Amino acid sequence: MDGKRIQEYLSNEAKSLLTVYTQFQTLLPHPTQDAASHKGEDGRYVESLIKEYLKRYLPKDLEVLTGFILRPAVKMGTKNMSRKNEDDKHSTQLDIIIYDSCHYPIFQRFGDNVIVPPEGVIGIISVKKKFNDIDFASEALALKNAAKLCRYTNEDNKKIRGPYLAMIAMHSIVKKNPPTHKWIFEKVSSVYDATQDTFDETIGLITNIEGWSIFKRRPNKTGTKAEYIYFSHGENEEHFGLQFLLTGILSVYYDPSRNSRERPGFTAFPSGRSHNDTLGEIEVCGLR
């Protein structure tokens, strides 16, 4: 197989992202650090770069948004009462939500800032300008908890594949003993519980565009293990992280379990509320 054109093209795209960010720092430099002068804007600018990149390549059905996932304890489909004994729950604020707004509604929207139901969530991404010591465990936990809100079974008792989870940064801390990638894997591994967390709720990708990617392979037939592999980006391999990210999002979007859509849990009526009056019936010749 070839694919060299795509590899070279996406490598150039990755280099462009890094160059554009460097230009931002050049125009608004921090006086003593390798960063822009305003840390808050620094992070938001990186988030904007990643968003714009994804918008260029994802299907138009998918929006690249920011905000919250709200899982209401209401009926789904026509008779799916699987959330009957739950409470309404919501996520923490999420940097990027990949959302299928063509087929699923949105509770609230202010520009790209939204509150969405879980059924239409295709991917959740944490974005950093630079990975630091505290990021890996805390961000992996936040992503896992958000993914749990998206766990559901349809009316045919079929489990629906969960959203793709990723962490992405321009740069990263460097560790020597143990090496950075092994240290990161130890931090991330500590977040998961084999008795409660599914394969879909473990992180799919951690990538530092500048230098490396940690990628989760698809599971074995039993689905009891999530295997992680590491890539150090060599010359002209900057495309690895971005290709893994796009591939992961699209693998969820095109997953067979998502081909048959069910009406999301989106509206609710007071439980036990009865109507005030029955008005009568009109005879018809059939349902269709």
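**Notebook: salt bridges, a buried threonine and a helix pair**

I looked up Asp133 first, and found that it forms a salt bridge with Lys175, the closest N and O atoms being 3.0 Å apart. Asp133 sits in the loop between β6 (121-131) and α3, and Lys175 in the loop between β7 and α4 (180-189), so this pair ties together parts that are 42 residues apart in sequence. I took a salt bridge to be a side-chain nitrogen of Lys or Arg within 4 Å of a carboxyl oxygen of Asp or Glu. Helices (H or I, at least four residues) and strands (E, at least two) are DSSP runs, numbered from the N terminus.

I note that the model is predicted: local features need pLDDT of at least 70, side-chain atom pairs count only at pLDDT 80 or more, and totals for chains, interfaces and linings use all residues. Residues are numbered from 1 along each chain as its sequence is written, and side-chain values use heavy atoms, with hydrogens and water left out.

**Entry: accessibility of the first pair**

Asp133 is partly exposed, with a relative accessible area of 38%. Lys175 also counts as partly exposed, at 27% relative accessibility.

**Entry: other salt bridges**

How many salt bridges does the rule give? The count comes to 16.

I next examined Asp112 and Lys55, whose side chains meet in a salt bridge (3.3 Å, N to O). Asp112 lies in the loop between β4 (108-110) and β5 (113-116) and Lys55 in helix α2 (residues 39-57), so the pair joins parts that are 57 residues apart in sequence. Asp112 is partly exposed at 31% relative accessibility, and Lys55 is partly exposed at 30%.

I then turned to Arg151 and Glu201, where the salt bridge has an N to O distance of 2.8 Å. This pair links distant parts of the chain, 50 residues apart: Arg151 is in the loop between α3 and β7, and Glu201 is in the loop between α4 and β8 (205-208). Arg151 is partly exposed, with a relative accessible area of 38%, whereas Glu201 counts as buried at 2%.

**Entry: the network around Asp197**

Which residues are linked with Arg151 and Glu201 in a network of salt bridges? I found Lys144, Lys148 and Asp197 in that network. Asp197 is placed in the loop between α4 and β8 and is buried, with a relative accessible area of 14%.

I checked its polar contacts, meaning pairs of N or O atoms within 3.5 Å; within protein, one must be able to donate a hydrogen and the other to accept it, and residues adjacent in sequence count only if both atoms are side-chain atoms. The side chain of Asp197 makes such a contact with the side chain of Lys144 at 3.2 Å, and another with the side chain of Lys148 at 2.8 Å. Taking contact as heavy atoms within 4.5 Å, and leaving aside neighbours within four places in sequence, I listed Lys144, Lys148, Arg151, Val191 and Tyr192 around Asp197.

**Entry: Thr207**

Is Thr207 buried or exposed? Thr207 is found in strand β8 and counts as buried, at 0% relative accessibility. The side chain of Thr207 reaches the backbone oxygen of Trp212 at 3.2 Å. Not counting residues up to four places away in sequence, Thr207 touches Phe131, Met167, Ile168, Ala169, Trp212, Ser213, His233 and Gly241.

**Entry: Asp156**

I located Asp156 in the loop between α3 (135-149) and β7 (164-172). Asp156 is exposed, with a relative accessible area of 67%. The C-alpha atoms of Asp156 and Asn80 are separated by 8.9 Å, although these residues are 76 apart along the chain.

Among the buried residues of α1 are Leu10, Ala14 and Leu17.

At what angle do α1 and helix α5 (residues 239-253) pack? I found about 105°, with the axes 8 Å apart. That makes α1 roughly perpendicular to α5, a class covering 65 to 115 degrees. Residues making the contact include Leu10, Ala14 and Leu17 of α1 and His239, Leu242 and Gln243 of α5.

**Entry: overall figures**

I recorded 5 helices and 10 strands in the protein. Of its 288 residues, 44% count as buried.

Note on methods:
Buried < 20%, exposed > 50% of the residue type's maximum accessible area, 1.4 Å probe, protein only. Axes fitted to C-alpha atoms, helices over the stretch in contact; angles between N-to-C directions. Parallel < 35°, antiparallel > 145°, perpendicular 65-115°, else oblique.
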